[in-house]
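Look through the structure first, then read on.

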Amino acid sequence: MSYQETTYIIFDGDKDYWAYARMKGWKSLDNIDFDFRDAHDLKQIRDWSQPDTVKRTLRQRFSTADQAIVLIGDETKHHHRFVRWEMDVALGLDLPIIAVNLNGLREMDEDLCPPILRREYIVHIPFKLKIIKHALDSFPAQYRGRQPGEKWPLYYSESVYRNLGV
């Protein structure tokens with residue numbers, strides 16, 4: 001269940017913060033059935049923090065994470081300083097990763113998906129509340145039940161979207 005597992009969200013803080021903020025907005029509204037435990041609700045990072053301090057704080061956030069979401073925007077694959085590092089840490093921790101395409105694509109976007117994620121066992125979905133909730137609720141168990149060495153881009157069938165009304 002998405003509200004029981006702590007989720008670490010990876011995103012370009014300059015260009016894609018709007019999507020992270022929208023997810024937090026969905027979470028805060030009582031009339032919307034969407035919730036998740038946000039790993040970013042831990043210790044704040046100051047704008048003037050040194051890179052080593054930022055990475056140390058992000059590692060603390062990762063220590064509580066059970067799964068990760070990568071918000072994939074136009075520039076995500078080009079950010080190596082922290083975004084790429086965060087993806088590398090999530091993979092190293094063997095966290096289930098949900099790749100959320102901000103452009104609405106329902107499968108891996110060959111042009112925008114960071115190379116580090118392209119051959120991994122992660123699910124690719126569009127930035128839509130119902131499918132994000134579905135992935136948070138179901139993908140971690142699927143990930144934990146995978147066969148060793150299974151790696152390929154995954155996506156949900158049209159029937160899943162139809163059943164969710166997306």
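Is threonine 7 buried or exposed? Threonine 7 is buried, because its relative accessible area is 0%. Buried means under 20% relative accessible area, exposed means over 50%, and partly exposed lies in between (1.4 Å probe, protein chains only).

This is a predicted model: local features need pLDDT of at least 70, side-chain atom pairs count only at pLDDT 80 or more, and totals for chains, interfaces and linings use all residues. Residues are numbered from 1 along each chain as its sequence is written, and side-chain values use heavy atoms, leaving out hydrogens and water.

**Strand S1**
- Threonine 7 is found in strand S1, which covers residues 6–10. Strands (E, at least two residues) and helices (H or I, at least four) are DSSP runs, numbered from the N terminus.
- Five of the five residues in S1 are buried.
- Thr6, Tyr8 and Ile10 lie on one side of S1, with Thr7 and Ile9 on the other.
- The side chain of threonine 7 makes a polar contact with the side chain of glutamine 67, at 2.8 Å. A polar contact is a pair of N or O atoms within 3.5 Å; within protein, one must be able to donate a hydrogen and the other to accept it, and residues adjacent in sequence count only if both atoms are side-chain atoms.

**Pairing with S3**
- S1 pairs with strand S3 (residues 67–72) in the parallel sense, over four bridges. Pairing requires at least two DSSP bridges between the strands.
- Tyrosine 8 has alanine 68 in S3 as its bridge partner.

**Helix H4**
- Buried residues in H4 include Leu129, Ile132 and Phe139.
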